[in-house]
Amino acid sequence: MALRRALHFVFKVGDRRKTAAFYRDVLGMKILRHEEFEEGCKATCNGPYDGKWSKTMVGFGPEDDHFVAELTYNYGVGEYRPGNDFLGFTVQSRQAVNNARRLGWPLTEAGDGIFITEAPGGYRFTLLDQDQPETDPVQKVTLAVSDLQRSTAYWSSLLGMQVFERDEGRRTVLLGFSDTQCKLELHDIGGPVDHGTAFGRIAFSCPREQVRGYRQGAMGRQWGGIHIGEDLGARVSRITTLGLPTISMERGEKCLLNQQSAFTEKWPCLHKSSRDPRKL
């Protein structure tokens with residue numbers, strides 16, 4: 001197990017059944033677990049909503065070694081306004097392409113063996129018509145930024161990600177903790193980042209002893225927008241420093257979980273809940 005690892009991306013969904021059909025029947029992911037909550041998450045896991053909500057983890061394999069999607073459903077909220085912050089998941093799976101064709105799910109060819117599709121809610125997915133790798137089929141998550149240089153410094157300097165690729169023409173930088181993990185791609189859109197109401201959250205794990213350093217680094221450099229979950233949710237601290245419009249997910253949408261909570265118990269926030277992986 002890598003010391004640091006990308007864990008999941010949080011999507012707000014308005015239609016659980018249609019969303020389940022896409023992830024399960026088109027992409028070929030499995031429902032890994034499901035939880036129901038009676039009140040909003042204190043760390044805003046479900047967004048700025050106080051009512052009943054649920055989350056469902058879906059992925060190609062166990063959360064311990066796969067990048068997965070967390071599907072968050074707020075009861076009574078049927079839709080969200082997409083922004084321009086989330087630019088897509090890239091999944092390497094010939095089976096997913098075949099599934100989409102068989103089910104009549106809309107596909108747009110974007111190149112040789114490259115197809116674009118959308119999940120319910122307008123979330124973009126790029127499907128690579130290739131055999132699934134032995135590791136994780138989820139290759140990268142692409143997020144919009146308005147200042148590529150500063151955003152790259154944030155992810156590489158503070159969070160310790162390695163820069164794997166720079167593309168000046170496309171104005172993108174590809175980062176990650178390991179060559180075998182899901183990567184994070186930053187794409188400079190040349191203007192303000194709009195999060196809409198559908199804004200998500202990307203989560204990473206790190207060893208417990210590194211959590212304090214991340215917090216101090218964020219405060220010392222005046223970086224903003226990190227949620228750090230510690231001690232299995234007994235205390236969750238939120239660092240928010242305003243005035244950073246250049247970071248793609250500056251609204252508190254990076255989540256760092258220490259390894260004990262991320263891999264042993266899996267729940268960064270504790271709530272009374274019922275768990276049934278068949279529900280969605």
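View 1. Strands β3 and β4 (residues 68-74) run antiparallel and are joined by 6 bridges. Two strands are said to pair if DSSP finds at least two bridges between them. Helices (H or I, at least four residues) and strands (E, at least two) are DSSP runs, numbered from the N terminus. The model shown is predicted: local features need pLDDT of at least 70, side-chain atom pairs count only at pLDDT 80 or more, and totals for chains, interfaces and linings use all residues. Residues are numbered from 1 along each chain as its sequence is written, and side-chain values use heavy atoms, with hydrogens and water left out.

**View 2. Strand β2 (residues 30-37) and β3 run antiparallel.** They are joined by 7 bridges. Within β3, T56 is the bridge partner of H34.

**View 3. Strand β3 (residues 53-59) is mostly covered.**

**View 4. Residue E185 lies in strand β12 (residues 183-188).** E185 is buried, its relative accessible area being 4%. Its side chain forms a polar contact of 3.1 Å with that of K140 and another of 3.4 Å with that of R170. A polar contact is a pair of N or O atoms within 3.5 Å; within protein, one must be able to donate a hydrogen and the other to accept it, and residues adjacent in sequence count only if both atoms are side-chain atoms. Not counting residues up to four places away in sequence, E185 touches (heavy atoms within 4.5 Å) several residues, including V141, T142 and L143.

Terms used:
Buried < 20%, exposed > 50% of the residue type's maximum accessible area, 1.4 Å probe, protein only.
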